[in-house]
Structures are given as C-alpha cells and as structure tokens.
Amino acid sequence: MYAIVALSGRQYKVEAGQEIYVNRLAAAKDEKVEFDKVLLVDNDGDVKVGSPYVDGVTVKAIVLDDSCKGKKVIVFKKKRRKGYQKKNGHRQYLSLIKIESIG
C-alpha cells in the first residue's frame with residue numbers, strides 16, 4: 001500500500017515504515033504529525049484518486065529529527081567582461097520523518 005502526499009509544496013510517494021526527508025516542519029522531535037492532503041492511494045491495485053484530495057484518508061508520521069541539513073547548493077553569479085563574480089551557497093534545513101500508517 002502506498003500513497004502520494006502533498007507536503008509543503010512537494011509531492012512524495014510514501015509507504016508505511018518508510019523514512020523520508022521533507023522541508024522543515026513546525027513539529028518538534030518525537031512529535032506525531034498527520035497529513036490529510038493525500039492525492040492518491042493504492043491498496044494492492046485498488047486505486048483511489050482525489051479531486052484534489054482523497055476524502056477520509058490521512059497519513060500518520062513521527063518526526064525523527066527536526067534539524068537536518070541537506071546538501072550544499074552553490075549559487076554562482078557572473079557577468080562576463082565586467083569583472084563581476086559572486087559565489088554564495090546555502091544548506092536547506094530538513095526534517096526526517098517516518099511514516100507509521102496510511103488509512
């Protein structure tokens with residue numbers, strides 16, 4: 001059984017027991033969270049597609065870590081023949097969540 005969930009502007013395919021990194025949530029470590037923006041649910045071939053969300057289906061998860069950092073993203077700007085170069089970068093904050101159940 002899997003579901004496609006909309007979390008903070010992105011869509012994730014999740015299954016029970018799966019650990020995924022998502023954009024930082026407002027929840028603290030070891031806090032339980034529920035997501036009700038479920039776009040699709042597949043239960044062994046029985047597919048339910050929402051318009052836009054499937055009614056009565058929620059995904060329950062627990063926050064394992066709320067202060068992870070993603071890979072470094074380098075931002076490099078240059079204007080040719082002008083002597084202008086600017087190098088900058090950042091690391092996005094992420095939350096690690098574990099999907100407990102879909103139902």
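**View 1. Lys 86, a partly exposed residue in a strand.** With a relative accessibility of 49%, Lys 86 counts as partly exposed, because that label covers the range between buried (under 20% relative accessible area) and exposed (over 50%), using a 1.4 Å probe and protein chains only. Lys 86 sits in strand E8; strands here are DSSP runs of E with at least two residues, numbered from the N terminus, and helices are runs of H or I with at least four. Leaving out residues up to four places away in sequence, Lys 86 touches Val 75, Phe 76 and Lys 77, where a contact means heavy atoms within 4.5 Å.

A quick note on the model: it is a predicted one, where local features need pLDDT of at least 70 and side-chain atom pairs count only at pLDDT 80 or more, while totals for chains, interfaces and linings use all residues. Residues are numbered from 1 along each chain as its sequence is written, and side-chain values use heavy atoms, leaving out hydrogens and water.

**View 2. The largest nonpolar core.** This core has 20 residues, and Ala 3, Val 14, Phe 35, Val 59 and Ile 97 have the most contacts inside it. Strands E1, E2, E3, E4, E5, E7 and E8 each supply at least two of its residues. A nonpolar core is a set of buried Ala, Val, Leu, Ile, Met, Phe, Trp, Tyr and Cys residues joined through side-chain atoms within 4.5 Å. Zoom in on Ala 3: beyond its neighbours within four places in sequence, its contacts include Val 14, Leu 40, Val 59 and Ile 102.

View 3. The peptide bond running from Ser 51 to Pro 52 is cis, and its omega is near 0°. You'll find Pro 52 in the loop between strands E6 and E7.

View 4. Asp 44 isn't a glycine, yet its phi is positive, about 55°. Asp 44 lies in the loop between E5 and E6, and at 74% relative accessibility it counts as exposed. Arg 81, also not a glycine, has a positive phi near 65°. Arg 81 belongs to the loop between E7 and E8, and its 71% relative accessibility makes it exposed.
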